[in-house]
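Please keep the sequence and the model in view while reading.

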Amino acid sequence: AEGTSIRATARNIKCDKDTVCHWLLRVGPHCLRLGEYFFRNLHLTECQLDELWTFVYKKEKHLTALEKLARCYGDTWIWTAFDPVSKLIPAWRIGKRTLTEAHKFIKTLKSCLDSHLPFFTSDDLPHYADALLVAYGVWITPSRHFSHSRPPSPYLQAPPDLVYAVVIKKKEHGHLVEIATRIVYGT
């Protein structure tokens, strides 16, 4: 929980590192079940969506062809939902930075929340807008204009209480020079 390594933890509690690894495998799933049990029907007013980059075993550019096929090594992203009011992280997901992972992440987040929709904010990753629309959108079927024409296709529309804004950071030479916001859904 405090970012220490397995070896440092083993030294601190005066046991073998294999014992620490054994208990991690038992404690991890238990913590996941505890989170699923307690993080239900949360009433959040604001929710910041973000992703953190890391890697498993090696960075993506150093992987062999066989390791790339395994799809378990290389670049990995930790998707997080953060409530700035309570400092709570109600949902997180580890995976690639893909639209499919974004859909799974928002579905997990939605299962933690009550019926109230918080004010969502994120960086300029376009996957969030699509995933929020799929999770919270309402299907609209337009009426036919002519009786002999093909019926119009139904489409997803954001409900009026879904508010989502994007924070766009402009950097020059590694320094932040401008911050802009853009409303995607809601007013």
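Are F120 and Y136 buried or exposed? In this predicted model, both F120 and Y136 are buried.

The structure holds seven aromatic pairs. A pair of aromatic rings is described by the distance of the centres and the angle of the planes. Two of these pairs are set out in the table below.

| Pair | Distance of centres | Angle of planes | Kind |
|---|---|---|---|
| Y37 and F38 | 5.0 Å | 85° | edge-to-face |
| F120 and Y136 | 6.0 Å | 40° | tilted |

Planes over 60 degrees apart count as edge-to-face, and the planes of Y37 and F38 stand at 85°, so this pair is given that name. F38 counts as exposed, because its relative accessibility is 56%. Another group of rings, made up of W79, F105 and Y128, forms one aromatic cluster.

Charged side chains also meet rings here. The ring of Y136 has the charged end of K110 over it, 5.0 Å from the ring centre, while R97 lies over the face of W77 at 4.5 Å from the centre of that ring.

Turning to the strands, β7 (residues 163-172) and β8 (residues 175-185) run antiparallel and are joined by nine bridges. K170 stands opposite E178, which is in β8. The two strands form a hairpin with two residues between them, and in the turn H173 has a positive phi of about 55°.

Notes: Residues numbered from 1 in each chain as written. Predicted model: local features only at pLDDT ≥ 70, side-chain atom pairs only at ≥ 80, totals over all residues. Heavy atoms only, no water. Phe/Tyr/Trp six-rings, centres within 6.5 Å; stacked < 30°, edge-to-face > 60°. Buried < 20%, exposed > 50% of the residue type's maximum accessible area, 1.4 Å probe, protein only. Lys NZ or Arg CZ within 6 Å of the ring centre and 35° of its normal. Pairing = 2+ DSSP bridges. Helix = DSSP H or I, 4+ residues; strand = E, 2+ residues; numbered from the N terminus.
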